[in-house]
Amino acid sequence: MGSEAETVTLRKPRFLCLHGFRTSGEILKTQVTMKWPESVTRKLDLVYLDAPFPCQGKSDVEGIFDPPYYEWFQFNKEFTEYTNFDECLAYIEDYMIKNGPFDGLLGFSQGAILSAGLPGLQAQGLTFTKVPKIKFLIIVGGAKFRAASLADKAYSTPIQCPSLHFLDPVVIHHPKGHTIPRLDEKGLQIMESFLERIQKMAFLTPIPSLSIRAFCTKPSAKMADRAVQIQNPDSISYLTQREAAEIDEILMGPLGFSVDQLMELAGLSVAASIAERVLAICGPGNNGGDGLVAARHLYHFGYKPSVCYPKRTPKPLYSGLVTQLESLSVPFLSVEDLPLDLSKDFDILVDAMFGFSFHGIPRPPFDDLIQRLVSLRDHDQTHQKSPVIVSIDIPSGWHVEEGDIGGEGIKPDMLVSLTAPKLCAKKFCGPQHFLGGRFVPPSVADKYKLRLPPYPGTSMCVRIGKAPKIDISALRENYISPELLEEQVEADPIDQFCKWFDDAVAASLKEPNAMALSTAGKDGKPSSRMVLLKGVDKDGFVWYTNYDSRKAHDLSDNPHASLLFYWDGLNRQVRVEGSVQRVSDEESEQYFHSRPRGSQIGAIVSKQSTVVPGRHVLLQQHKELEEKFSDGSLIPKPKHWGGYRLKPELFEFWQGQKSRLHDRAADQNILSILRVDVILCLVVNLVIKLNVMSDLSLQYSPHEINGQQVWKIERLAP
Ligand SMILES: NC(=O)C1=CN([C@@H]2O[C@H](COP(=O)(O)OP(=O)(O)OC[C@H]3O[C@@H](n4cnc5c(N)ncnc54)[C@H](OP(=O)(O)O)[C@@H]3O)[C@@H](O)[C@H]2O)[C@H](O)CC1
Ligand SMILES: [K+]
């Protein structure tokens, strides 16, 4: 559908740039960036590669550009014999395999000679057999191969793909000799029309191995196929240490992610999996960075993180993360500050010491910190309350592939694997294994043949491995919401309602005006159904319906009703009770004619709550009425249709709140503090976390003071 076209146009043509003889990728980059306008370079994804051989003589650019300088291959004086030519081709191809795919080549001078010759050699199957066909060329100051054997093969047919040549007299003429030329007005025009052409050509049909659909669309059928197999956790892919590092390089190289971005996603995945009084113990590498990011998200989710970061990395990324946490007054604790027994002060310990680059045995101070986590297990044996250990990516100290070799390492309760679980995760026997890798594009999944689970809804993490048994009766949402305080609410409940209603609209909740209407007829038996609120003001809450419906009969017998609004996502609920009256005919009439004509006809057809012989009867009537009123004439409001207004007599505003762990019963098992939304949402289609709830409710009821009706606000026990 449209989305495919939209996503494919997102990608810029990707060129591998080959510099001139005895210069470098950096020098070519400087020249291109300086000389071509941003309007041109921004349309291209240019990747600059250094040639394989260090410069073996004097460079023409000495004194102009700094070394190092490189050369692609060597040649004799007549340019008829080449040395290291095959090695050069293998080197470029290898780079393209690891960092590709590329759409085209941009070459200057010796790089241009190569670029111009390679498509011909590739077409004959003589080189570049393992990479996609070169689709475009930009040749600046090039020349032909003079070695006859090579020239015959390379130039057996004219260049087939769109190419732009800066070599007089082909396309862009320039008087500046052997250099990257600036573009005059005509040159710029030619360049721009070339770019437009290749952009269209390249991206009207996406490259199969570089599908970027998964970034922004629903899981593809292919992903869904993978998902089916994931029912069995053994069928998930596990990565070796090398694969993990390679995928990282691909994400951060050709796929355009920055380490900051990935770390942000990783930390968010971790934070989304955990809660409560948290200590993040952060190591010197990116795993430590994930811990810092997770701590920040946890703070914003409403928890109380502390951080122990004994070996700070002086790079801007890390100092930025530290500053962000400091600005939130998140405490940084030194190893000395930490209590020997971590169980007293913390409910959750985030182990962010080492990830997939760990090797050997832990050096100080991490050896001691790891030991403190290990010793917490003794608490388990003595049945004391022990904090939950959540390891990011790898339980720190474990061998990345072999796991806990001596059996004396950390035994985390929860492991949050990133991208895909590493081999050591097979040895993880804790009850909670999550995957946070909702950023792996299909191209990477395909390349590494990764079977990855689908992520539910908008979740950043998904449970992998078997879910522990759950006591359904103990399920509670752990709400994290602003407090609901008497002094902060509006004096008039209608104003308070409108405020919360606006919040629900602003939060893009689906149908925030949906409410459960409960009525009870003569027999006193209550019944509820969802209806849509169509108006609210000081006089009350209005909805429209069929006056022959069950609710209408109930209301004529007993003109009292209760409305219930529930705004999931904001953890809020409002109950409104009061007496009900029909709205005036004029008001109903006015609203009726404001509805779409289809709905007006629908109201005529629908004899709510009566038995109909079949759907076809309704459809037939609908069709007939559509024809009858096809001339645009006024559709009369049926007599049996109109509105009701509930005049409120009682309001209750309820706000779900997060409770602190110390409020809980002492024997709660770890399930009560870990988010287990994933399994449960399958069952009840709700995001459910496990926790004890201490919700806040405020009730508004009418009172008379000095002969005046006022609303009295009272707190209700949770
Ligand atoms: N795509 C992703 O999945 C992403 C994952 N991220 C996270 O990054 C880590 C991998 O990060 P990396 O920086 O490569 O490595 P580590 O965090 O594992 O640690 C490297 C540092 O640890 C030191 N080290 C290694 N062994 C020891 C040891 N025995 N004792 C003490 N210190 C050790 C190492 O120092 P060296 O001098 O030994 O090299 C490094 O300083 C991954 O697991 C994820 O958690 C990214 O956040 C984003 C994308
Ligand atoms: K870790």
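This is a predicted model: local features need pLDDT of at least 70, side-chain atom pairs count only at pLDDT 80 or more; totals for chains, interfaces and linings use all residues.
Author: Residues are numbered from 1 along each chain as its sequence is written, chains are lettered from A and ligands numbered from 1 in the order in which they are written, and side-chain values use heavy atoms, without hydrogens and water.

Reader: How many aromatic pairs are there?

Author: There are 29 aromatic pairs, where rings of Phe, Tyr and Trp (its six-membered ring) pair if their centres lie within 6.5 Å; planes under 30 degrees apart count as stacked, over 60 as edge-to-face and the rest as tilted.

Reader: Why is the pair of F75 and F79 called stacked?

Author: The ring centres of F75 and F79 are 4.9 Å apart and the planes lie at 25°, so the pair is stacked.

Reader: What makes F75 partly exposed?

Author: The relative accessible area of F75 is 28%, so F75 is partly exposed, that is, between buried (under 20%) and exposed (over 50%), with a 1.4 Å probe and protein chains only.

Reader: Why is the pair of Y544 and W641 stacked?

Author: The planes of Y544 and W641 are at 10° and the centres 5.2 Å apart, so this pair is stacked. Y544 and W641 are both buried.

Reader: Where does the charged end of R582 sit?

Author: The charged end of R582 sits over the ring of Y547, 3.7 Å from its centre; the rule requires NZ of Lys or CZ of Arg within 6 Å of the ring centre and within 35 degrees of the ring normal.
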